Amino acid sequence: VVRDGNGNMAAYVTISVTTVTDAIYMFATETHTGDLTTMTTASVRADIDNYCINAKQSSYPALPCLNVRAFISISTTDYIASMPGNFSVPTGRKIIGPTGVMVANNWADLLDGIILVDLKSAGVANNKWWSGSDENGNYIISDTCRACNTCSSWTNGTNSSDGETGTTNKTDGTWMDDKSENCNVSRHVLCLCW
């Protein structure tokens, strides 16, 4: 507990991290329903990225990275597998959790349907997360609904819509493509920074 000259007190939480400058870090936000956008910015992507920017600033300020993006599929042009082309995510770097545990050797290894260690063991997240993706990071489109697995493009937090989730205790394809759930449940948003 720290006290300033005016008698104000604050408790600080200490976290331990091993930083690697040539890596992509993966971490999670707090949990949120499928309504991930407030449309206070110009786009759904910007709103969801803001969750990750805030999580990095508040929980992982020591991570040595300037670029922060949500690891989520939003549309047919903005999906996980397209992130290197859309946002210049480096493809040759290893992907590690916030404490330095390696999740994948590189971008292709991350999206091949199997990861090296589950997200819980890597310290990334303890609960399911919104992906909107198949096991290879592609946007899921059904024949009857174009945004059925993304909570209506992440604008609907009710049980009338569904969103695809990933799990944190598996290393097979279900780590990213576990099942579709009602959008009124709370799930993490995964984040990348490099």
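User: What makes strand 3 and strand 5 (residues 94–96) a pair?

Analyst: Happy to start there. In this predicted model, strand 3 and strand 5 are joined over three bridges in the parallel sense. Two strands pair if there are at least two bridges between them, so three bridges meet the requirement. Within the pairing, Ile24 stands opposite Ile95 of strand 5.

User: Which strand pairs with strand 3 in the antiparallel sense?

Analyst: That is strand 10 (residues 188–193), with four bridges to strand 3. Here Met26 stands opposite Leu192.

User: Why is strand 3 called largely enclosed?

Analyst: Strand 3 covers residues 23–28, and six of its six residues are buried, so the rest of the structure largely encloses it. In a regular strand, side chains alternate between the two faces of the sheet. For strand 3, one side carries Ala23, Tyr25 and Phe27, the other Ile24, Met26 and Ala28, and all of these are buried.

User: How do you know that the length of helix 1 agrees with what its residues should span?

Analyst: Helix 1 runs over residues 44–59, which is 16 residues. At 1.5 Å a residue they should span 22 Å, and the end C-alpha atoms are 23 Å apart, so the two values agree.

User: Why is Thr168 called buried?

Analyst: Buried means under 20% relative accessible area; Thr168 has 3%, so the label applies. Thr168 lies in the loop between strand 8 (162–166) and strand 9 (179–182). Leaving aside neighbours within four places in sequence, Thr168 is in contact with residues including Asp118, Leu119, Ala125, Asn127 and Trp129.

User: Which residues have the most contacts inside the largest nonpolar core?

Analyst: They are Met26, Phe71, Trp107, Leu110, Leu119 and Leu190, in a core of 26 residues. Strand 3, helix 2, strand 6 (102–104), helix 3 (107–110) and strand 10 each give two or more residues to this core. The largest share, three residues, comes from strand 3. Apart from this core lies another, of 23 residues, among them Tyr25, Tyr60, Val189 and Cys191.

User: What is Leu119 in contact with, leaving aside its neighbours within four places in sequence?

Analyst: The contacts of Leu119 include Met26, Val103, Val124, Trp129, Thr168, Trp175 and Leu190.

User: Why is the pair of Phe71 and Trp107 called edge-to-face?

Analyst: The structure holds six aromatic pairs, and Phe71 with Trp107 is a pair with 6.2 Å centre to centre and 85° between the planes. Phe71 sits in the loop between strand 4 and helix 2, Trp107 in helix 3, and the two are 36 residues apart. Both residues are buried.

User: Why is the pair of Trp129 and Trp175 called tilted?

Analyst: Their planes meet at 35°, with the ring centres 5.8 Å apart. Under 30 degrees would be stacked and over 60 edge-to-face, so 35° counts as tilted. Trp129 lies in strand 7 (residues 129–130) and Trp175 in the loop between strand 8 and strand 9, so the pair ties together parts 46 residues apart in sequence. Trp129 and Trp175 are both buried. Ring pairs also link Phe71, Trp107, Trp129 and Trp175 into a cluster.

User: How do you know that strand 8 is mostly covered?

Analyst: Four of the five residues of strand 8 are buried.

Technical notes:
Residues are numbered from 1 along each chain as its sequence is written. This is a predicted model: local features need pLDDT of at least 70, side-chain atom pairs count only at pLDDT 80 or more; totals for chains, interfaces and linings use all residues. Side-chain values use heavy atoms; hydrogens and water are left out. Buried means under 20% relative accessible area, exposed over 50%, partly exposed in between (1.4 Å probe, protein chains only). The expected span of a helix is 1.5 Å times one less than its number of residues. Contact means heavy atoms within 4.5 Å. A nonpolar core is a set of buried Ala, Val, Leu, Ile, Met, Phe, Trp, Tyr and Cys residues joined through side-chain atoms within 4.5 Å. Rings of Phe, Tyr and Trp (its six-membered ring) pair if their centres lie within 6.5 Å; planes under 30 degrees apart count as stacked, over 60 as edge-to-face and the rest as tilted.
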